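The text then goes from helices and strands to single residues.

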Amino acid sequence: MQCLNSAPCSLLALSVVVALASLWICRAEVGGFTACSQFFYNKIPPTGLGSDGTAQICQRYWNRYHFASLYDRRRRTPLYSAYIFSPEGGTRPKINWMYEPQLAYSKAGPDMMPFPRGPIDQNVVESQAVILDYTNSSYTRGHLNPSLHHSDVGDKNATFTLTNIVPQKEGSNDGPWADFEGQTSNLLTKHCEKEAYIVTGVIPYETDRWIKHDRVAIPEYLWSAYCCPSYKVENVPITNLTLLGLSTLAAIGRNDPNSTEEIVPIDKKKGKRWRGYDVRQMSLKTLEMYLKQRYGSAISIFDNGCSP
């Protein structure tokens, strides 16, 4: 290209750069955590999880990032979701379930989209879980990033994407796991003075189990850990310090009442509806040990173990 006037050439070159930059920004939602690194402690994602078949998703809704998920394309479930806790406010939103367009089309728009009322694009069906996968499956849609851990309406709404959802038994979702989510909310609201970073994920079966003919993999366990570098313990009885966990606390919850009890024992005194869905609280290092055993590689959830 030849330009007789250098000024128009400069403007043209600038416009090309701006266009390329805007394209990069709009396409960053699937394929990297750079645009949403703020949801990880020290802006560093967990290490040791994921493979070539996973996608890093910056979960974007209403033109804003809300959390991050590592999505397993083969299993059609997230391996984990990472977010910043905020004290609960408002009620559970009534919103249509959403999907991630860029898992189906790399050039799709950056925001998550609600599922259409009619037929669903086949590329969407092949690339991720859809509502029909959970229909009549005996599994609920279990949030890794729960809406109750947020006060902002947009943050709450954004959790209702199926790329944040795993098949979870009702006995876990409405029972001990829900209790643990509430306990975590109470602890962080009372004792975390600044940001609290939470990562919640799954432990798959040693041999994958599925719903709907190998469509969506069922996790054997759910796990969660928080990191609060500014944790205050004033006026807390010494007997409660173990439960408080100081700056970190982790847990593993059963999603199968018939699993063995090496990782999470069963409380035989619980009512029939909740029996076998126990949640065991533990240190961050203990959680990482169990994850290493199942995934076969060293796992680090928070940079430097959440040390300030």
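Helix α7 (residues 176-191) lies across β8, β9, β10 and β11, and runs at about 20° to β9. Contact here means heavy atoms within 4.5 Å. Axes are lines fitted to C-alpha atoms, for helices over the stretch in contact, and angles run from 0 to 180 degrees between N-to-C directions. Helices (H or I, at least four residues) and strands (E, at least two) are DSSP runs numbered from the N terminus. The model is predicted, with local features needing pLDDT of at least 70 and side-chain atom pairs pLDDT 80 or more, while totals for chains, interfaces and linings use all residues. Residues are numbered from 1 along each chain as its sequence is written, and side-chain values use heavy atoms, leaving out hydrogens and water.

Helix α9 (residues 284-295) lies across β3 (77-84), β8, β9, β10 and β11, at about 30° to β8. In total the protein has nine helices and eleven strands.

Which strands make up the open sheet, and in what order? Seven strands form it, in the order β1-β2-β3-β8-β9-β10-β11, with antiparallel pairing; two strands pair if DSSP finds at least two bridges between them. The edges are β1 (54-61) and β11 (279-282), each with a single partner strand, so one side of each has no neighbour in the sheet. On average, neighbouring strands of this sheet are turned by 20° against each other, direction ignored. Between β9 and β10 (residues 248-254), which run antiparallel, there are seven bridges.

Strand β8 contains Asp208. The side chain of Asp208 makes polar contacts with the side chains of Arg74, at 2.9 Å, and Arg75, at 3.0 Å. A polar contact is a pair of N or O atoms within 3.5 Å; within protein, one must be able to donate a hydrogen and the other to accept it, and residues adjacent in sequence count only if both atoms are side-chain atoms.

Three disulfides are found in a search of the whole structure, a disulfide being a pair of cysteine sulfur atoms within 2.5 Å. In Cys36 and Cys58 the sulfur atoms are 2.1 Å apart. Cys36 lies in the loop between α1 (6-26) and β1, and Cys58 in strand β1, so this pair ties together parts that are 22 residues apart in sequence. The torsion about their S-S bond is about -75°, so the disulfide of Cys36 and Cys58 is left-handed.

Cys192 is joined to Cys228 by a disulfide (S to S 2.1 Å). Cys192 is in the loop between α7 and β8 and Cys228 in the loop between β9 and α8 (241-244), so the bond ties together parts 36 residues apart in sequence. With 110° about the S-S bond, the link of Cys192 and Cys228 is right-handed.

Cys227 and Cys306 form a disulfide with S to S 2.0 Å. This pair links distant parts of the chain, with Cys227 in strand β9 and Cys306 in the segment after α9, 79 residues apart. The link of Cys227 and Cys306 is right-handed, at 85° about the S-S bond.

Two loop residues remain. Asn136, in the loop between α4 (131-134) and β6 (140-143), has phi near 55°, a positive value in a residue other than glycine. Lys212, in the loop between β8 (197-211) and β9 (216-227), has phi near 60°, also positive.
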